[in-house]
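Hi there,

Here is the structure I promised to pass on to you. Have a look at it first, and then read my notes below.

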Amino acid sequence: MIFNLENETISYENKKVLDSINLSIKKGEKIALLGSSGSGKSTLLKRLYEIKSEEVSYLPQDLGLVNNLTSYHNVYTATLEKKSTIYNLINLIRPFKKDLYEVSKILKELECESKLLTKSLNLSGGQKQRVAIAKSIYSGKNILLADEPISALDEYICKKSIDIMHKSFETIICAMHNVDLAIENFDRIIGIKNGKILLDKQTTSISKEDTNRLYYVVE
Ligand SMILES: Nc1ncnc2c1ncn2[C@@H]1O[C@H](COP(=O)(O)OP(=O)(O)OP(=O)(O)O)[C@@H](O)[C@H]1O
């Protein structure tokens with residue numbers, strides 16, 4: 001078991017944002033996290049990240065890119081801790097060919113290679129998301145916790161990015177809003193409503209009623 005939450009409750013200003021959550025996640029699972037805005041998805045992902053921060057690549061909703069750094073340098077920051085300070089400093093000024101090649105290979109797969117040396121502030125929202133996905137992949141971690149990483153991508157690149165994430169990470173928990181995309185591309189759906197888990201099923205047994213209960217008031 002990678003994650004095991006038992007009766008997990010998180011409150012802000014006396015309001016329960018996660019309410020008595022019980023959740024087990026096994027190695028190898030590909031999970032989509034659904035729920036309306038404010039239901040608690042980001043809070044759950046942050047909590048999971050806290051538990052296993054060393055082993056996890058966490059892709060936050062704000063992407064965490066540095067505006068004045070190029071795509072290359074933003075991606076490279078995922079491995080700063082693995083290399084010496086002097087190596088990192090030289091690389092900042094004059095990128096090493098080997099690192100440049102590795103980063104450009106990932107960006108090429110994500111069809112964003114032409115933006116390798118473009119500063120983040122000059123990228124579109126969808127390009128920034130792809131750079132952030134590339135950064136997660138470059139980290140070399142096995143577990144991805146991603147908070148709406150594909151919301152700004154068109155249908156084609158969205159599907160392609162999900163496939164690349166699946167190929168690059170053994171275990172994925174991905175918050176998203178597109179129900180159809182979640183069902184088509186993930187094995188298990190966890191649905192949160194008002195801080196509680198309302199739905200936890202394998203995708204193969206999900207019904208329209210299940211997802212409706214997540215987003216609408218159903219009697
Ligand atoms: N730092 C904080 N302080 C106070 N309240 C917070 C804080 N972070 C989140 N919340 C509240 O917790 C609730 C859940 O927020 P969360 O960001 O987890 O939802 P979400 O499902 O990820 O939403 P979205 O789909 O809009 O990203 C919201 O009501 C939000 O206002």
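Let me start with helix 1. What covers its buried residues includes strand 1 (3-12), strand 2 (15-25), strand 3 (30-34), strand 5 (143-147), strand 6 (171-175) and strand 7 (188-193). Please keep in mind that this is a predicted model.

Which residues of helix 1 (residues 41-51) are buried? They are K41, L44, L45 and L48. These residues sit on the same side of helix 1, because they cover an arc of only 100 degrees around the axis.

Next, the ligand. Around the ligand you will find Y12, E13, V17, G35, S37, G38, S39, G40, K41, S42, T43 and Q61. Helix 1 turns up again, as it gives the most to this shell, with three residues. Sorted by class, the shell around the ligand holds eight polar, two nonpolar and two charged residues.

Finally, zoom out to the whole protein chain. It is divided into domain 1 (1-55 + 142-219) and domain 2 (65-140). Taken over C-alpha atoms, the centres of domain 1 and domain 2 are 27 Å apart. Ten residues from domain 1 and eleven residues from domain 2 take part in the contact. On the side of domain 1 that touches domain 2, the largest share comes from helix 6 (residues 155-168), with five residues. That side of domain 1 has eight nonpolar and two polar residues, and no charged residues.

Enjoy exploring!

Best wishes

Note on methods
Residues are numbered from 1 along each chain as its sequence is written. This is a predicted model: local features need pLDDT of at least 70, side-chain atom pairs count only at pLDDT 80 or more; totals for chains, interfaces and linings use all residues. A residue is buried if 20 or more other C-beta atoms lie within 10 Å of its own, exposed if 12 or fewer, and partly exposed in between; C-beta atoms are placed from the backbone. Helices (H or I, at least four residues) and strands (E, at least two) are DSSP runs, numbered from the N terminus. The arc is that of the directions from the helix axis to the C-beta atoms. Two residues are in contact if their C-beta atoms, placed from the backbone, lie within 7 Å. A residue is near a molecule or strand if its C-beta atom, placed from the backbone, lies within 6 Å of it. Ala, Val, Leu, Ile, Met, Phe, Trp, Tyr, Cys and Pro count as nonpolar, Asp, Glu, Lys and Arg as charged, and the others, Gly among them, as polar. Domain bounds come from an automatic or database domain assignment.
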